Amino acid sequence: MSLLDVRDLSVRYGSHEALHDVSLSIDAGEIVTIVGPNGSGKTSLLRAIVGAVPISAGRIKRASGLILGYVPQRLHIDPTMPMTVARFLRLRRGATRDQIASSLSRAGVPDVTDRQMADLSGGQLQRVLLARALVSRPGLLLLDEPTQGLDQPGSAAFYRLIEEVRRDTGCAVLMISHELHVVMAASDRVICINGHVCCHGTPDVVSSAPEYRALFGSGTGGALALYRHDHDHAHGHSHHGHAHSDGATCNHAHPENEAAD
Amino acid sequence: MLDDFMTRATLGGIGVAVATAPLGSFVVWRRMAYFGDATAHAAILGVALSLALQVSVFLGALGVALAMAMTVNALSGRTHSMDTLLGVLAHSALAFGLVAVSFLQGVRIDLMAYLFGDILAVSRLDVAAIWSGALVVAGLIAWRWSALLTATLNEDLAYADGIDPRRERLVLTLALAVTVAVAIKVVGILLISAMLIVPAAAARPLSRTPERMVLTAGIIGSMSVLVGLRVALVADTPAGPSIVCTAALVFAASGTVSAFRRATLASA
């Protein structure tokens, strides 16, 4: 059975529906990437899976005994709180000194153990967050734009690290990414969402799907189109069950949700 | 031994420092300073009610502080922002408290004693109440320690670890109400926030982990009680304010030391 099974999930913020009828499942050991424009509900989906936002419909089923390792989009460590890296990793119950040291070296930052969290660089902080997620040997890693704020070599190195972690520990990975060229190379499956699941499948299938092209354009991964957000696109099928403004064309702009993403 | 008023005052003051060290650290980390003020202001209504109903001041203050804390906890994040809500509730409760006091016929209460505290008049029963309250607060925080720290760092991280940040916030809110009720007699309503914030803030530059900060805040708070009481006795100054002044001087000293240390590191 799958590690994680999401069926017909909907998430609402007041009267705004961030996600509706989202179904997906994650199997052991696979890397699945979620792509989608700003405000498409990617972060809401991850937060619903960890239980940080209430779901308004559907269900989320985790395999029994599944341990989640979550790396949030941003972590602001307030400088009023003194916190060494080692102490931060020990916040997960029962982490031993050895586990902490091996997680940190696994994540490529073996020398920061005694540094203050507030003094870390952006890249170091991301790796420390990953190390924290790894301490409890998770079956599923959830990463929300883990390379945000890293330069290109930094983010390429980070994605290589994720693959190594998967290879060595066998954990599955569900991550959100904006970097389409990397996504297509590093993922087993890609799920393209925009309030609902637009399309999903292997990177080949998704990058040639009309829904994906409509969202991201068809050029070299369409990286620029991702940010343009002018995606009035036609779905070839009509099973989405939401009202379209003019029949076949759906306008998925969710400007009011930009900040929540 | 408890016959001596200085001994009782010292024990009472250190009891308050035991409660305010861990709680004050969270108040600093979560930027809840105004929350302590508001709860304390509301407590004057509790004082008036307890005099009218002839129950102990400790119980009255505790009841109103709890009600206030729960109300703010429940209402925050809706139509009004937290600071507006606190301002409305705190000052309304204070005003209702002062009006209620004026209705108390035949009872002459020394309002000053509640605003500034009267640590030298602490009785054996007060010492017992202070230490019971302090141990409840310290125990509550010790019990929830890891969860409280995680929820303070990041709420989503807490959810992913199976911790409910709302429950942890409630724990802190309840602990704050107990502390305010306990500290009224010692430092008074106006200076409770000082005992929460000043020792914790003074401890910050001297600490590398949350545990060290709480421990250091406890030591600074207790030392301030000892020194402040001594000064009050020798120089005949008001006791509660003398304690807070001592803590404030420690804050200035620790800030200076750490600034100096940073400057040395930078030039080295």
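This is a predicted model: local features need pLDDT of at least 70, side-chain atom pairs count only at pLDDT 80 or more; totals for chains, interfaces and linings use all residues.
Buried area is the accessible area, taken with a 1.4 Å probe, that two parts lose on being put together, summed over both. Residues are numbered from 1 along each chain as its sequence is written, and side-chain values use heavy atoms, with hydrogens and water left out.

An automatic or database domain assignment sets the bounds: domain 1 of chain A covers 4-67 + 138-257, and domain 2 covers 75-137. The contact (heavy atoms within 4.5 Å) takes 15 residues from domain 1 and 12 residues from domain 2.

Between them the two domains bury about 1,100 Å², and carbon and sulfur atoms give 66% of this area. On the side of domain 1, A:P138, A:F158 and A:L161 lose the most area to domain 2, together 40% of what that side buries.

Two salt bridges are counted between the domains, each being a side-chain nitrogen of Lys or Arg within 4 Å of a carboxyl oxygen of Asp or Glu. A salt bridge joins the side chains of A:R106 and A:D168, at 2.5 Å from N to O.

In chain A, β6 (140-144) and α5 (152-169) each supply at least two residues of the domain 1 side that touches domain 2; such helices (H or I, at least four residues) and strands (E, at least two) are DSSP runs, numbered from the N terminus. The largest share of that side, seven residues, comes from α5(A).

Note on methods:
Chains are lettered from A and ligands numbered from 1 in the order in which they are written.
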